[in-house]
Amino acid sequence: MKAALFDLDGVVFNTEPQYTVFWSEIFKEYFNDAMIAQKIKGSTLVQIYDHYFAGDKKTQDEITRRLDDFEQHMHFDYIKGFPEYVTGLRQKGVKTAVVTSSNKAKMAAVYAKCPEMKQYFDAILTSEDFAESKPSPDCYLRGAARFGYEAKDCTVFEDSFNGLKAGRASGAYVIGLATTNSADDIRQYCDKVISDYTELR
């Protein structure tokens, strides 16, 4: 492993349950179907709008306003064992990066509550850095290229189906975290499944 590429929600931070609550309320309100919240995991905000709220700028603006407010009050708790694991990687000379579908505005909220997070990573790539969104491998190809590596030299850490598919399509070794979906459900999309980072040396 020359570089470790981490998704953010459900991989670095245990935030997926909070987002599930938010999006369940949104889709129950607009579509009377809270279960859509499970289908959009790993999608960018633009993808969600294009698929479910296309052409409805007023609704998009209202959801964005509510999401921004929601993220200002979120809790950003690290997945168990993450700080120790990523610190160990960096001590061994492994490059580390966040590769997330979140945008820069969301990351500003993260930095405000967890300023120490930046010290764990050599690079942070957000949705603004990608031409295509997960499950396209574009984000992880760009993450590897940021360090001058090929994806096959990297390990991707993911939790969502779209993210796991992106990691696999890139050619990287993929470790799936059973934080958002069950271990049985994600096993076919990754090379190794863990519940948290205490299971890795």
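Both faces of strand β1 (residues 3-6) are covered in this predicted model, with Ala3 and Leu5 on one side and Ala4 and Phe6 on the other, all of them buried, where buried means under 20% relative accessible area, exposed means over 50% and partly exposed lies in between (1.4 Å probe, protein chains only). Strands are DSSP runs of E with at least two residues and helices are runs of H or I with at least four, both numbered from the N terminus. Residues are numbered from 1 along each chain as its sequence is written. Local features need pLDDT of at least 70 and side-chain atom pairs count only at pLDDT 80 or more, whereas totals for chains, interfaces and linings use all residues, and side-chain values rest on heavy atoms, with hydrogens and water left out.

Strands of a sheet pair through backbone hydrogen bonds, either parallel or antiparallel. Here two strands are taken to pair if DSSP finds at least two bridges between them. β1 pairs with β2 in the parallel sense over four bridges, and Ala3 stands opposite Lys95 in β2. β1 also pairs in the parallel sense with strand β4 (residues 154-158), again over four bridges, and the bridge partner of Ala4 in β4 is Thr155. The open sheet as a whole is formed by six strands in the order β3-β2-β1-β4-β5-β6, with parallel pairing. Its edge strands, each of which pairs on one side only, are β3 (123-125) and β6. The twist averages 20° from one strand to the next, with axes taken as lines fitted to C-alpha atoms (for helices over the stretch in contact) and angles running from 0 to 180 degrees between N-to-C directions. Strand β2 (residues 95-99) is joined to β3 by three bridges, and Val98 stands opposite Ile124 in β3.

The largest nonpolar core has 40 residues, and those with the most contacts inside it are Phe6, Trp23, Met117, Phe157 and Tyr197; such a core is a set of buried Ala, Val, Leu, Ile, Met, Phe, Trp, Tyr and Cys residues joined through side-chain atoms within 4.5 Å. Among the elements that each supply at least two residues of this core are β1, α1 (16-31), α4 (57-72) and β5 (173-177), and α1 gives the most, with five residues.

The structure holds 27 aromatic pairs, in which rings of Phe, Tyr and Trp (its six-membered ring) have centres within 6.5 Å, and planes under 30 degrees apart count as stacked, over 60 as edge-to-face and the rest as tilted. The ring centres of Tyr49 and Phe53 are 6.3 Å apart and the planes lie at 85°, so this pair is edge-to-face. Phe82 and Tyr197 also form an edge-to-face pair, at 5.4 Å centre to centre and 65° between the planes. Phe82 lies in helix α5 (residues 82-91) and Tyr197 in the segment after β6 (192-194), so the pair ties together parts that are 115 residues apart in sequence. Both Phe82 and Tyr197 are buried, and ring pairs link them into a cluster with other residues, including Phe6 and Phe157.

Zero disulfides are present, a disulfide being a pair of cysteine sulfur atoms within 2.5 Å. For Cys154, the nearest cysteine sulfur, that of Cys139, is 12 Å away, and Cys154 counts as buried at 1% relative accessibility. The sulfur of Cys190 is 16 Å from the closest cysteine sulfur, in Cys139, too far for a bond.
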